[in-house]
Amino acid sequence: MASSHINALQSKHAGLEAKLRQEMARPVPDAATIQDLKKHKLRLKEEIASA
């Protein structure tokens with residue numbers, strides 16, 4: 001069960017990374033959105049590391 005939880009977290013992390021890249025590729029990226037996505041990614045990364 002822990003393995004499926006880690007896989008789900010990794011999947012969410014990858015999704016956030018894709019959204020982050022997409023936002024940064026825009027002509028005028030939204031700094032607040034980028035900051036929010038980075039914070040969420042960091043939280044997920046910490047949760048993956050502690051699992």
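Lys41 is buried, its relative accessible area being 16%, where buried denotes under 20% relative accessible area, exposed over 50% and partly exposed the range in between (1.4 Å probe, protein chains only). The structure is a predicted model, in which local features require pLDDT of at least 70 and side-chain atom pairs count only at pLDDT 80 or more, whereas totals for chains, interfaces and linings use all residues. Residues are numbered from 1 along each chain as its sequence is written, and side-chain values use heavy atoms, with hydrogens and water left out.

Side chains of opposite charge can pair when their charged atoms come close. A salt bridge was assigned where a side-chain nitrogen of Lys or Arg lies within 4 Å of a carboxyl oxygen of Asp or Glu; by this rule, three salt bridges were counted. The side chain of Lys41 forms one with that of Glu17, at an N to O distance of 2.2 Å. This pair links distant parts of the chain, with Glu17 in helix α1 and Lys41 in helix α2 (residues 31–50), 24 residues apart. Helices are DSSP runs (H or I, at least four residues) numbered from the N terminus.

Glu17 also forms a salt bridge with Arg21, for which the closest N and O atoms are 3.3 Å apart. Both residues belong to helix α1 (residues 2–25) and are separated by four residues, about one turn of the helix. Arg21 counts as exposed, at 54% relative accessibility. A further salt bridge joins Arg26 to Glu23, with 2.9 Å between the closest N and O atoms. Through shared partners, salt bridges join Glu17, Arg21 and Lys41 into one network.

In soluble globular proteins, nonpolar side chains tend to be buried together. A nonpolar core was defined as a set of buried Ala, Val, Leu, Ile, Met, Phe, Trp, Tyr and Cys residues joined through side-chain atoms within 4.5 Å. The largest such core has seven residues, namely Leu9, Leu16, Leu20, Ile34, Leu37, Leu44 and Ile48. The elements giving two or more residues to this core are α1 and α2, and α2 gives the most, with four residues.

Ile34 lies in helix α2 and is buried at 14% relative accessibility. The C-alpha atoms of Ile34 and Leu20 are 6.2 Å apart, the two residues being 14 residues apart in sequence. With contact taken as heavy atoms within 4.5 Å, and neighbours within four places in sequence left aside, Ile34 is in contact with Leu20, Glu23, Met24 and Pro29. Leu9 touches Leu44, Glu47 and Ile48, again not counting residues up to four places away in sequence.
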